[in-house]
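Dear colleague,

Please find below the structure that I am handing over to you. My notes on its packing and its salt bridges follow.

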Amino acid sequence: VIETSYQRAAEPLKGAASSSFGAIDLLASVDFANYQPANGATYPVGDFGASLVSVAAMIKADIGLECIEVDIPQWDHHAAMGPVDGTLAIKLADLSAGLNALHKDLTAELGHVTIVVKSEFGRRVAENGSAGTDHGHGGVMMVLGGNVNGGQVHGQWPGLDPASLGNGDLPITTDYRDVLAEILAMRLGSTSLADVFPQHTPQFPGIVS
């Protein structure tokens with residue numbers, strides 16, 4: 001009944017609804033409930049781990065998945081970050097365990113899987129008065145999976161000397177759009193980078209092949 005009602009809607013709502021219902025039907029074909037990770041992979045308990053299990057299930061179901069985003073909230077730590085047992089350490093341990101499990105689970109599929117990890121903002125270099133850090137500029141991206149030129153750090157490391165910082169922040173040396181554009185072109189065969197990243201001419205950093 002709902003699907004029929006949207007067929008009478010005007011565009012672009014009609015087309016969006018049609019594709020959404022198609023996606024719902026496609027996801028219904030994946031047996032999420034009975035999915036068993038391979039190679040002894042153990043995902044961390046919580047929303048992040050559960051999301052990665054669903055990602056692995058969809059990849060192995062071979063339903064034509066091209067891109068999926070998993071969000072990990074609550075990284076905005078302005079206080080008590082802690083190098084060993086603080087909020088940041090706990091979040092990093094969860095991230096590490098999840099990526100390790102996903103990599104192990106998808107061993108047989110890594111030839112056509114590329115995983116990108118990035119933050120929406122960097123952090124200040126100096127600690128603030130609450131044992132945390134405030135918003136900054138430069139951050140880090142991690143890329144793993146098949147056809148990744150891994151085992152190395154790409155880009156330029158400016159150092160932590162105050163003279164090398166920009167108003168107390170790490171300067172941005174690699175545009176995140178260059179990394180994503182290279183993955184889209186090399187791994188997905190995209191020829192429409194100008195539509196994805198308007199007014200930007202990507203310079204491929206050589207991260208994937």
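**Core packing and salt bridges**

Leu95 is in contact with Phe48, Ile72, Trp75, Val117 and Met142, leaving aside residues up to four places away in sequence. Please bear in mind that this is a predicted model.

Leu95 also belongs to the largest nonpolar core, which has 22 residues. Leu95 is listed there among the residues with the most contacts inside the core, together with Tyr43, Ala56, Leu102, Leu106, Val113 and Ile115. Helix 3, helix 4 and strand 1 (114-118) each contribute at least two residues to this core. The most comes from helix 3, which gives 7 residues. Another core, of 6 residues, lies apart from this one; Val143, Ile183, Ile207 and Val208 are among its members.

I then turned to the charged side chains. The search of the whole structure returned 4 salt bridges, and three of them are described here, including the one between Asp105 and Lys60.

In that pair, the closest N and O atoms are 2.6 Å apart. Asp105 is in helix 4 (residues 87-105) and Lys60 in helix 3 (residues 47-61), so the bridge links distant parts of the chain, 45 residues apart. Asp105 counts as buried because its relative accessibility is 1%, under the 20% limit. Lys60, at 30% relative accessibility, counts as partly exposed.

A salt bridge also joins Asp76 and Arg123, with 3.3 Å between the closest N and O atoms. Asp76 sits in the loop between helix 3 and helix 4, and Arg123 sits in strand 2 (residues 122-123), so this pair ties together parts that are 47 residues apart in sequence. Here the acidic residue, Asp76, is partly exposed, its relative accessible area being 40%, whereas Arg123 is buried at 19%.

Asp169 is buried, with a relative accessible area of 4%, and Arg124 is partly exposed, with a value of 29%.

Yours sincerely

How values were computed
Residues numbered from 1 in each chain as written. Predicted model: local features only at pLDDT ≥ 70, side-chain atom pairs only at ≥ 80, totals over all residues. Heavy atoms only, no water. Helix = DSSP H or I, 4+ residues; strand = E, 2+ residues; numbered from the N terminus. Buried < 20%, exposed > 50% of the residue type's maximum accessible area, 1.4 Å probe, protein only. Core = buried A, V, L, I, M, F, W, Y, C linked by side-chain atoms within 4.5 Å. Contact = heavy atoms within 4.5 Å.
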